[in-house]
Amino acid sequence: MISARFRSTFPLLGALALGAVTAPHVDAQTPTQTTAQSTTKKLTVEEIFAHGSLSGGAPEGLTWSPDGQHLTYIERGELLDLDPATGKPSTLVSREKLASLTSNTGNEKDRDHRSRYSMASYLWAPDSAHLLFDSNGSLWLYDLKTGTGINIGSSGTGSGDDPKFSPDGRLLSFIKEDDKQHGLYVIHLREPGTPVVATAVSTSPAVLNGKVDWVYEEELDVRSNYFWAPDSKNLAYLQMDETHVPEYPITDWIPVHPTVDKQRFPQPGDPNPDVRVGIVAAHGGKTNWIKLPIKPGDDYIPRFGWVNSRVVWVETLTRDHKHLNLYFADIASGQSKLVLEQSDEKFFDEQYDVHVSDKQIVLTNWQDGHTHLYLYSYDAANPLAGAAKLERQLTKGDFDVEEVFRVDEDRKAVYYSSNEGNPTDAQIWQVSFDGERKQLTMEPGVHTASFAPSGRAYVERHSTRATPTKVSLCQLDSKCNLFWSTKAMDTYHLRAPEELQVKASDGSILYATLLLPEGVTTPASVPLILNPYGGPGAQNVQNHWGGDGQLFDELLTQHGFAVLHTDGRGSGHRGKVFAQAAYHNFGPVQFEDQLTVADAVLAKYPQLDSKRQGWWGWSWGGTFTLYALTHSDRFRAGVSVAPVTDWRNYDSIYTERYMSQPAEFPAGYKDFSVVNSAANLKGHLLMIHGTGDDNVHLQNTVQFVQQLIVNNIPYDLQIFPRKTHSIAGTEVRPELYNRILMHFEEYLK
């Protein structure tokens, strides 16, 4: 999707409830009242963005060892080991050794993908005595006892090589590719040598064996397309044939002779990759293909895995996103059996994860109106004997299950997060297979967890709008011990914005936050900047620390602006009806909600100037900016970063989920594509785009600019050579945010 992962997450502090809008509430314990004004320090764009995260980045690569005796993470260039028993950290791999085993080289796209999709830089071996470091495609096996590493292979690529240990720890698999061929390889760790080619090596770059393509990675949240059997004898892998998928050229204009990277990118109505699941022995040989009733070039396989060493499970999704089915299949014959089918009149909620274990299936579904957990059973002795049986709905109520952290078969329990009790919070919960629930975290805010293999301990990350991220080591039924926290920000006198609740036209509650310049009460003296994401699935208004985006909000208020964030209908974690407001509606309902909240805020706070309003956003938010400036004359200035300007330009999976195919909904593609309303643009527009954007292509901005030229409408444009959708890096972020600040200074002051 034009993902919430890359939206502009500018943020979200405070607490205020309104029927229309009620009076502000300030917590007596907030830093606002405990920090003396005379000691505060003003923020600058350079302080926030020029030297890495000002508030400090959370530990990277936080990983449990298989035996649960080590909890490791990377901080300040070294690999630290946190003793789960004492909570004390020690150095496991020094900065010098880690530097020799890892690399920050690679092209812009590779670095971006590793960061964007959270690709691991190291793995624990099953024996908990070795680590595998993935250094831009070179694989190093590090012996913790001897403190030495050996290079055991190379994938020939940067990101996407996806190394994995076999369950018995004797073998290592990875995707290997070069300019001529690619495939799935296996190497024997006890006798390192030439890797065995497990799958047939493909000489066509359009046929991927076990490798994830862009659209599955981005839109289905797929991180791997092959898995070891429990007995380490076979591998199941997804083959993707993209031969008929159109190519999009991404040009690098920096060299004297520009180069072109051709990306397979299915747009709405285009052929999708042909996909099928194959089973191959670890030593190579013929692939046995699973027989599934899916349409080639149309349907999807979001998830698959092993039921046991003889049976695999495969999840399929129809192209229209209305049918999500689960099959069990015999690996010898390839015959499959439909064991669970789900359907929806519009679309599913993007949670495709399924947990299949001995006798049990756990998954989420929003069939009762909210995303909840369901427990199914099947005949473990003969998994293909019949359909799965619903045992019970594990959670129920006016809230959404947001993430499943662990399904513990031994304890017969599921650990998950939900926004029960407060739609802007996320608490960690435990529910047993018999439906008994227990809340594990209590403090307001957003909590996430990573459980140890034993399930007895977990790492908790927690933050609020007023409290930066804290990371603690917790024991079940015991207290948590803090071991990492964001560095203090007291000198900047950061404030929590007010949380607002406003009713939409259909009676829904819209959550928003407003951050005002401090101490300004003069009527009509403060310009108001709207900064929504607004697209499906995302939830911007949460009670969590917003990082650099939150600091930029504070900087804007120091320059005299007020900043408003609103989650309108169509955004996530508010139930099925709220989310499905985006179905066949990519503009009107979302825009109506933004104006409803803005009007309520303008009516409540006389210091806001209704004649000096601005709007800015990124990705779907960038599209939203263009929609606002072409469908209203109330916004004096807008900044659009990496927008989709014609929905025919974006990818098939995301766009068709909400808009169907162009032939099925031509009016929507016309009316909701802002390139068609460019002639109506009002206000001063700045467009920003990276030339290497492989998510929302530069084509979108070029097409919109062309329409502005045709209609003799002035505009400003800032491009960032080679930069991808996130426009990341300390060398460009100061320029990016200074341009945004300068644009509003010039046109809203």
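Analyst: The residue and its surroundings

V401 lies in strand β28, which spans residues 401-408; helices (H or I, at least four residues) and strands (E, at least two) are DSSP runs numbered from the N terminus. The model is a predicted one, in which local features need pLDDT of at least 70 and side-chain atom pairs count only at pLDDT 80 or more, while totals for chains, interfaces and linings use all residues. Residues are numbered from 1 along each chain as its sequence is written, and side-chain values use heavy atoms, with hydrogens and water left out.

V401 has a relative accessible area of 0% and is therefore buried, a term that means under 20% relative accessible area, with exposed meaning over 50% and partly exposed lying in between (1.4 Å probe, protein chains only). Apart from neighbours within four places in sequence, V401 is in contact with Q351, T364, T371, H372, L373, T395, Y416, S417 and S418, where contact means heavy atoms within 4.5 Å. The C-alpha atoms of V401 and Q427 are 9.8 Å apart in space, although 26 residues separate the two in sequence.

Two of the residues that touch V401, T364 and L373, are themselves bridge partners, L373 belonging to β26. Strands β25 (residues 360-365) and β26 (residues 372-377) pair in the antiparallel sense over 6 bridges, and two strands count as paired if DSSP finds at least two bridges between them. The open sheet of 4 strands to which they belong runs in the order β24-β25-β26-β27, with antiparallel pairing. Its edge strands, β24 (354-357) and β27 (389-393), each pair on one side only, and neighbouring strands are turned by 25 degrees against each other on average, direction ignored.

Another open sheet of 4 strands has the order β20-β21-β22-β23, again with antiparallel pairing. Its edges are β20 (300-306) and β23 (336-343), each of which pairs on one side only, and the twist averages 15 degrees from one strand to the next. Within this sheet, β21 (residues 311-317) and β22 (residues 323-330) are joined by 7 bridges in the antiparallel sense, with E315 bridged to L326 in β22.

Turning to the helices, α6 (residues 547-558) packs against α13 (residues 733-748) at an angle of about 35 degrees, with the axes 11 Å apart; axes are lines fitted to C-alpha atoms, for helices over the stretch in contact, and angles run from 0 to 180 degrees between N-to-C directions. In this contact, F552, L555 and L556 of α6 meet Y737, I740 and L741 of α13. Helix α9 (residues 620-630) is mostly covered, with 11 of its 11 residues buried, and its cover includes α8 (588-604), β40 (608-618), β41 (635-641), α10 (652-659), β42 (684-690) and α12 (699-710).

For the chain as a whole, the secondary structure comes to 13 helices and 43 strands, and 59% of the 749 residues are buried. Among contacts between residues at least 6 apart in sequence, 61% join residues at least 24 apart.
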